[in-house]
Each structure stands twice: as structure tokens, then as C-alpha cells.
Amino acid sequence: MVEPIISVRDLVKNYGDFNAVKGISFDVMPGEIFGLLGPNGAGKSTTLEIIETLRPKTSGKVVVDGIDLDVNPGAIKKIIGVQLQAAGYYPGLNLQELVEMFAGLYNQKVDPLVLLDTVQLREKAKNKFKQLSGGQKQRFSIATTLINKPKIIFLDEPTTGLDPQARRNLWELIREIKSKGTTVILTTHYMDEAEFLCDRIAIVDAGNIISLDTPDQMIDDLVATGFERPKQVKMANLEDVFLHLTGKTLRDI
Ligand SMILES: Nc1ncnc2c1ncn2[C@@H]1O[C@H](COP(=O)(O)OP(=O)(O)OP(=O)(O)O)[C@@H](O)[C@H]1O
């Protein structure tokens with residue numbers, strides 16, 4: 001039987017006397033894209049940051065690739081890829097230099113141009129981070145999660161604020177990363193994104209997981225209750241119009 005690559009049991013996080021995560025349990029299987037969905041303040045980022053070893057938990061058990069978070073958080077750090085906050089991108093360095101610096105920190109041999117190629121940013125190698133568009137910044141940030149050749153990457157709202165082309169481009173990038181065997185755990189507020197990308201999703205509400213399944217199964221379960229979507233009168237929507245007019249290719253190179 002395949003063992004989960006992430007196992008979370010009865011995870012609790014209190015901020016003072018506020019109970020933000022209320023004893024959640026879930027498994028992420030190797031190679032899957034697992035989504036955490038939920039309203040603002042549900043506890044998604046808190047949960048991710050605990051697994052990423054960036055935030056202490058109050059109680060519960062977290063095991064990543066067989067490593068117990070309580071025993072060896074340093075070993076977990078080595079096998080995961082986490083997006084840095086923009087503040088981590090030293091303003092004096094260009095993208096190529098930033099990749100070289102991060103590779104040095106991880107003690108990894110990385111060809112910056114090859115890595116930048118995977119996120120279509122080779123032409124921006126000499127640019128500074130602040131000179132990039134929103135979509136380019138996100139792509140660069142995802143590239144930096146890959147530097148240490150991680151088994152798992154964590155993406156917190158990877159496409160927030162991007163235009164439809166850039167979102168689709170990032171979806172392709174995330175699928176490519178998965179196709180190379182990397183496990184992806186992400187948060188999103190976009191249901192179309194979750195439906196397109198995620199093998200399974202957990203819906204988190206006020207610190208609890210209220211549903212966990214494949215998107216398909218969740219939809220089938222809802223339909224089985226007799227739910228019917230109001231009939232769509234038009235065969236396209238405004239996003240279809242936008243993409244039809246402006247094309248699907250990425251513009252921000
Ligand atoms: N450092 C902190 N101190 C106190 N409360 C916090 C802290 N960080 C988060 N919280 C609270 O914990 C709850 C969960 O926050 P969290 O950021 O995990 O939610 P989220 O599901 O990621 O939300 P969003 O979708 O808005 O990003 C919120 O009520 C938030 O205000």
C-alpha cells in the first residue's frame with residue numbers, strides 16, 4: 001500500500017485563546033495535487049505553515065515523508081519547497097543571481113537559466129524581481145520552490161491577482177511540476193482552479209475540515225441530493241469572451 005507523503009492528525013492551533021485550527025486530520029498522497037479551500041480566516045495558511053515548519057502547532061501530529069515534525073523539522077525543510085515572501089528577494093540582485101544565491105543556500109548545483117526556462121523567464125534573467133509583472137513574480141516564486149529539488153511544494157494562493165492567461169499558464173506549470181512526480185499542496189479561492197488542478201480537496205471552514213474528496217465526487221454527491229444549478233441561458237461567459245478576444249498565449253514576456 002502506498003503511504004501518504006503528508007499525514008496530519010488532530011492538528012490544533014491556538015493563537016492566544018483563539019482556536020484557529022480545531023483538530024483537523026488529512027493525508028496527502030505522493031504525486032497528487034491536494035487543495036485546501038475555504039473562506040478567509042478558515043485556517044488554511046496556518047495549516048500549511050505548520051507543515052512547512054514555519055509556525056509552531058499547539059497539538060497534534062504531522063509526519064512528512066516519514067519524518068515526524070516534532071522529531072526532525074530540519075529534515076522536513078530539506079525535502080519541501082516553499083514560496084518565499086517578496087521581502088526575501090534581495091533588491092540588488094537580478095533573477096539569475098537570486099537563483100544562484102538560493103542554490104548556494106541549499107547547497108545545490110542549479111543552472112539558473114535552465115530553471116528560469118521552466119517558468120518562461122529566461123529572457124528576464126538580468127531583470128530585478130521588482131521589475132517583473134504580477135504573473136512573472138508568481139512564476140519566479142514557484143521556480144524558487146524547485147531549487148532544492150523538493151518532493152513536495154507548497155503554494156499559497158498561487159494565482160491570486162493574475163489575468164486569465166497568466167492563471168492558465170500557471171495551471172500548466174503546476175501540472176508540469178506534478179507530472180515530474182512532485183507532490184503539490186496548494187490553497188486557492190478559485191473553484192475553477194481547484195476543479196482543474198486538484199486530485200483531491202479538503203474544504204476547511206472555521207478551523208474544521210467539512211469535506212474531503214475528489215472535486216468530481218463532491219459535485220456528484222451534491223447532485224445526488226437533488227441540487228440543480230439554475231439553467232445557464234448562454235453557452236459562454238465573459239471569461240470566454242476575454243480569452244477569445246485576447247488569446248490564450250502569455251503576454252508578459
Ligand atoms: N499570528 C496570528 N495571530 C493571531 N491570529 C492569527 C494569526 N495568524 C492568523 N490568525 C487568525 O487565525 C485564523 C486563520 O488564519 P489563516 O491565515 O490561517 O486563514 P486562511 O484560511 O489562510 O485565510 P485567507 O483565505 O484569508 O488567507 C484567522 O482568524 C486569523 O485572523
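**Ligand shell, sheet and core of the predicted model**

Helix α1 contributes the most to the shell around the ligand, with three residues. The model is predicted: local features need pLDDT of at least 70, side-chain atom pairs count only at pLDDT 80 or more, and totals for chains, interfaces and linings use all residues. Residues are numbered from 1 along each chain as its sequence is written. Helices (H or I, at least four residues) and strands (E, at least two) are DSSP runs, numbered from the N terminus.

The ligand is surrounded by Tyr15, Phe18, Ala20, Gly38, Asn40, Gly41, Ala42, Gly43, Lys44, Ser45 and Thr46. The elements that supply two or more residues to this shell are β2 (18-28) and α1 (44-51). A residue is near a molecule or strand if its C-beta atom, placed from the backbone, lies within 6 Å of it. By class, the shell holds four nonpolar residues, six polar and one charged. Here Ala, Val, Leu, Ile, Met, Phe, Trp, Tyr, Cys and Pro count as nonpolar, Asp, Glu, Lys and Arg as charged, and the others, Gly among them, as polar.

Four strands form an open sheet in the order β2-β1-β4-β5, with antiparallel pairing. Two strands pair if DSSP finds at least two bridges between them. Strands of a sheet pair through backbone hydrogen bonds, either parallel or antiparallel.

Strands β1 and β2 run antiparallel and are joined by eight bridges, with Asn14 opposite Asn19 in β2. The two strands form a hairpin with two residues between them, and Gly16 in the turn has a positive phi of about 60°. Five bridges join β1 to β4, also in the antiparallel sense. Within β4, Ser59 stands opposite Val12, and Lys61 stands opposite Arg9. Strand β4 (residues 59-64) pairs with β5 over two bridges, again antiparallel, and Val63 has Asp68 in β5 as its bridge partner. A hairpin with two residues between the strands is formed by β4 and β5; Asp65 in its turn has a positive phi of about 50°.

The largest nonpolar core has 53 residues, of which Ile6, Val62, Val64, Val184 and Ile185 touch the most other members. A nonpolar core is a set of buried Ala, Val, Leu, Ile, Met, Phe, Trp, Tyr and Cys residues joined through C-beta atoms within 7 Å. A residue is buried if 20 or more other C-beta atoms lie within 10 Å of its own, exposed if 12 or fewer, and partly exposed in between, with C-beta atoms placed from the backbone. Ile185 touches Ile6, Val28, Phe34, Leu48, Ile152 and Phe154, not counting residues up to four places away in sequence. Contact between two residues requires that their C-beta atoms, placed from the backbone, lie within 7 Å.

Asp10, found in strand β1, has a phi near 50°, a positive value in a residue other than glycine. Asp10 is exposed, with 11 other C-beta atoms within 10 Å. Asn107 lies in the loop between α3 (95-106) and α4 (112-118), and its phi is likewise positive, near 60°. With 8 C-beta neighbours inside 10 Å, Asn107 is also exposed.

Thr53 is placed in the loop between α1 and β4 and is partly exposed, with 18 other C-beta atoms within 10 Å. Apart from neighbours within four places in sequence, Thr53 is in contact with Leu69, Pro73, Ile76 and Lys77. A distance of 33 Å separates the C-alpha atoms of Thr53 and Gln165, which are 112 residues apart along the chain. In helix α9 (residues 238-246), the count of buried residues among its nine residues is zero. Gly247 follows α9 and has a positive phi, near 85°.
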